[in-house]
Amino acid sequence: MAENQQKVTMIELFGAGVIRSVTNCGRFARFQTDSLFASAAACVSPKTYSLIWNQMLAIGVLSVPVVMITGAFVGMVLAIQAYDQLAGLGIEEHLGVLINLSVVKELGPVLAAVMLAGRVGGALTAELGTMNVTEQIMAVRSMGTDPIRYLVAPRLIACLLLTPVLIIYADFLGIIGGYLISVPYLDINSRAYWNFSASGVELWDITIGIAKGFFFGAAIAGVSCYKGFHCREGAQGVGQACTEGFVGSFIIILAIDFVLVVVFKAIYASVWPVKLLL
Amino acid sequence: MNSENNNYLITLKNLTKRFGKLAVLDDVSLSFEKGKTTVIIGPSGCGKTVLIKHIIVLLRPSEGEVYFHNERIDNLHEKQLAKVRTQMGFLFQSGALFDSMTVEENILFPVMQHTKIRDRAKLQEIAKAKLAMVGLDGFQEYYPAKLSGGQKKRVALARAIALEPEVILYDEPTTGLDPIRSDVINELIIKLKKDLGITSIVVTHDMKSATKIADRIIMLHKGRIEADGDAESIQNSPSQVVQRFIKGEISEGDIQSMQVSFEDIKTNGKK
């Protein structure tokens, strides 16, 4: 046996690694396809509505406070950071454009999604992972119910629908936070602050920020549920799955964000001319 | 052939299961008779649980076929299997109760999933009846975390019989329970067979339980059938493996290997 092990060459190890990666990719893709079909089916079956409502409470409603806090701090930090440079140029009244544009286009959606990946994604992986190692998922199967349809679909739908809504909360508090620092604290003229903001931030900017939420929500639920369903046994297995789930969704959120920015920018550029803000 | 088949509810044909290179089940062929209790015994790791999971197709065979009511089921899609699975109840070793649900919700889970009953009073009545059958009426509002090991298994059994299945598969029903609680489970298995005519397939390494409940005992060893017969014929089996298992003795080879390793430690210590 020991002799056999010694004979494993580097090429074989590399090959085994490649096979494992391809297998994992295939498994991930199949899981996501199944989840997608199950979610579509769940949308038209009233039996699953109560499950979706429950998940909406856990995923959406209970996440509102943390997402709002995240948004508020983002707005406040941006105001403090950017003020000196703009004031040095004598254009501090443009601060509103900078803060609000950054918040609604990028920081609000991305940071709210990262917060959700931690709060919601972690909980999803831990819950499903524990169900997996205690054979509860297999019990669902043994009773003739598709666990993807029963467990994944409601979570995916709730995440998909509510992440954009939570982003609106983050945006809203980001705008308020930025305003509170800029106007009462830094003494910028309120009317000028809002006027510049209104002319700089377009409906398009707000829309793409919220639209990103659908993709982020799907990514968080997809990765977290997958990790929960495929976690290894034991407490360590669940812990590791949570870590991998969070890191995975974080990276996917950033990658999706990059792709969406490129796509949305191309769409914008093909319809409207580039608008200079200063 | 057909008339003979009619007595058999489940048939396994040349079942082989490999995990990587390791063959856990090796060409096992078996039939399970309707209305009888068949017990599969064997040491831990002999493939008992893997075998029972193939009957309800929670695992798919590497080779071989599984038949239920003379129809092949191991190649069915998960959706088609749902119907087959509603005719079987599976009692997991750990119980596998949903810990976020109450006892009543656990029992009503399969009912809600597979029947159109939505009337609250009717549902409560079903849960009550199933719980009464396992002697736990009154525990409806408890969460599984509050139950003892034996109670969990009884609730899991109540859930397994919720859809009134034809077959119940028990995976180590008495493991981890004290002798009295074990006997409660044994009595329940006998009662379900007597009252409801349920076919039972039990996987266990508890010989006392096996002799009490079994109409037929099958011993698995290293993924193969070592012995097959009623309790008495197993007790009198000439096979060394069977006799050692019944008496709970380990083989000479194992004893020797342990002695060798102890002596190694001693001599290494002296060096």
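The model is predicted: local features need pLDDT of at least 70, side-chain atom pairs count only at pLDDT 80 or more, and totals for chains, interfaces and linings use all residues. Residues are numbered from 1 along each chain as its sequence is written, while chains are lettered from A and ligands numbered from 1 in the order in which they are written.

**Chain B as a whole**

Chain B has 11 helices and 10 strands; helices (H or I, at least four residues) and strands (E, at least two) are DSSP runs numbered from the N terminus. The radius of gyration of chain B is 21 Å, close to the 18 Å that the globule rule gives for 271 residues, so chain B is as compact as a globular protein of that length. That radius is taken over C-alpha atoms, and the rule is 2.2 Å times the number of residues to the power 0.38. Along its principal axes, the C-alpha trace of chain B spans about 75 × 50 × 35 Å.

**Two open sheets**

Strands pair if DSSP finds at least two bridges between them. In chain B, 4 strands form an open antiparallel sheet in the order β2-β1-β4-β5. Its edge strands are β2 (22–33) and β5 (71–72) of chain B, each pairing on one side only. Another open sheet of chain B has 6 strands in the order β6-β7-β8-β3-β9-β10, with mixed pairing. At its edges stand β6 (88–91) and β10 (224–229) of chain B, each with a single partner strand, so one side of each is left without a neighbour in the sheet.

| Strand pair | Bridges | Direction |
|---|---|---|
| β1(B) and β2(B) | 8 bridges | antiparallel |
| β6(B) and β7(B) | 4 bridges | parallel |

In β7(B), B:Val167 is the bridge partner of B:Met88.

**Contact and core**

Residues are in contact if their C-beta atoms, placed from the backbone, lie within 7 Å. The contact between the chains takes 11 residues from chain A and 16 residues from chain B.

A nonpolar core is a set of buried Ala, Val, Leu, Ile, Met, Phe, Trp, Tyr and Cys residues joined through C-beta atoms within 7 Å. A residue is buried if 20 or more other C-beta atoms lie within 10 Å of its own. By this criterion, 38% of the 271 residues of chain B count as buried. The largest nonpolar core has 136 residues, and those touching the most other members include A:Ile220 and B:Leu91. Leaving aside neighbours within four places in sequence, A:Ile220 is in contact with residues including A:Ala113, A:Cys159 and A:Ser249.

Technical notes
Buried ≥ 20, exposed ≤ 12 C-beta atoms within 10 Å, placed from the backbone. Contact = placed C-beta atoms within 7 Å.
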